[in-house]
Amino acid sequence: LCLTEGPDRSSGPDLPTSFGPLLLASLLPPQHQRIRPQLEQSIRRQIKRYRELTGETRIRLDGHQHIHLVPVVLTTVLSLAEELQIDWIRTTAEPLPTDLPWRDWVATVRSGGLLKWIILQVLSALALPKLLAHGIGTNTAFAGVLFTGRMAGLPLTRSLDALATTNRRRGLGPGLLLAHPAAEGSSDGLKHDGFDLSSVFFASPWRQEEWQALKAHARRG
């Protein structure tokens, strides 16, 4: 689900196109959330297009920039879940990694990763009981928000360790790791398609660093 960038970002005159305004819209009473009909239209349109491209019927829903966890978006998604056959939605309950040097923590504070982690922890905690009430599945655990965009070196290793430890303690299977590996030139064409923020993000050398780090981790087994 993509609401903040791309060709569907201007789905209606009242629909905000970034995380913050959508989060603020969630604070309004339901009767004053005028964007709900436009959100419904966008969600229906994107899922219809996804089915046309993939042939899939059941929907495992994720959101670009975690937009699906914003309450007004999630409420709209859940109201359509049965009709659109949405049976799984990603959450971002991420354990804190340990044994990291202070420079890594300072870097995540400066980059906004810690603030993003706190917001998404709260939103995931609010989302989980709603998903259970609707009989919708989700991932067992998650890692990758805290050091988003810089998942290489010790942050990657320690995040994977924290993910594995959490799952073993809960007796659960594998969780999800968020990373953005990409080859050189992956940003080509993104700006033309309306993904201005992502074009800058994917032009970063960190995309190749993450790619190499993940390949190295896979070789180690």
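How many nonpolar, polar and charged residues are there, by class, in the lining of the largest pocket?

1. Basis of the note. This is a predicted model, in which local features need pLDDT of at least 70 and side-chain atom pairs count only at pLDDT 80 or more, while totals for chains, interfaces and linings use all residues. Residues are numbered from 1 along each chain as its sequence is written, and side-chain values use heavy atoms, with hydrogens and water left out. Helices (H or I, at least four residues) and strands (E, at least two) are DSSP runs, numbered from the N terminus.

2. Helix H2. This helix covers residues 36-54, and at 1.5 Å a residue its 19 residues should span 27 Å, which agrees with the 27 Å between its end C-alpha atoms; the expected span is taken as 1.5 Å times one less than the number of residues. Its buried residues (buried meaning under 20% relative accessible area, exposed over 50%, and partly exposed in between, with a 1.4 Å probe and protein chains only) are Arg36, Gln38, Leu39, Ser42, Ile43, Gln46 and Ile47. Seen down the axis of H2, these buried residues fall within an arc of 160 degrees, so they line one face of the helix; the arc is that of the directions from the helix axis to the C-beta atoms. An α-helix has 3.6 residues a turn, so residues three or four places apart point the same way. The buried residues of H2 pack against strand E1 (59-61), helix H3 (71-84) and strand E2 (86-89), where contact means heavy atoms within 4.5 Å. H2 is followed by Gly55, whose phi is positive, near 80 degrees.

3. The largest pocket. By class, its lining has twelve nonpolar, twelve polar and five charged residues, with Ala, Val, Leu, Ile, Met, Phe, Trp, Tyr, Cys and Pro counted as nonpolar, Asp, Glu, Lys and Arg as charged, and the others, Gly among them, as polar. A pocket is an open set of points on a 1 Å grid over the protein atoms alone, where a 1.4 Å probe fits, with protein on both sides within 12 Å along at least five of seven lines, and lining residues have an atom within 4 Å of a point. The volume of the largest pocket is about 880 Å³. Of the 29 residues that line the largest pocket, Gln65, Lys116, Thr148, His180 and Phe201 lie nearest its centre. The elements giving two or more residues to this lining are helix H5 (113-133), helix H7 (196-202) and helix H8 (206-220), and H5 provides the largest share, five residues.

4. Most residues other than glycine have a negative phi, and most peptide bonds are trans.

5. Helix H4. The buried residues of H4 are Asp104, Trp105 and Thr108. Viewed down the axis of H4, these buried residues fall within an arc of 100 degrees, so they line one face of the helix, whereas Trp102, Arg103, Val109 and Arg110, on the other side of H4, are exposed. Just after H4, Gly112 takes a positive phi of about 90 degrees.

6. Trp117 is found in helix H5 and is buried, with a relative accessible area of 15%. Leaving aside residues up to four places away in sequence, Trp117 touches Glu94, Leu96, Val145 and Leu146; Trp117 and Leu96 are 21 residues apart in sequence and 9.6 Å apart in space, C-alpha to C-alpha. Ala152 lies in the loop between strand E3 (142-143) and helix H6 (153-170), and at 10% relative accessibility Ala152 counts as buried. With the residues up to four places away in sequence again not counted, Ala152 touches Trp206, Glu209 and Ala213.

7. Lys215. Lys215 lies in helix H8 and, at 30% relative accessibility, counts as partly exposed. Lys215 and Pro181 are 34 residues apart in sequence and 9.8 Å apart in space, C-alpha to C-alpha.

Definitions and conventions
Points joined across faces, edges and corners; volume = space filled by probe spheres on them.
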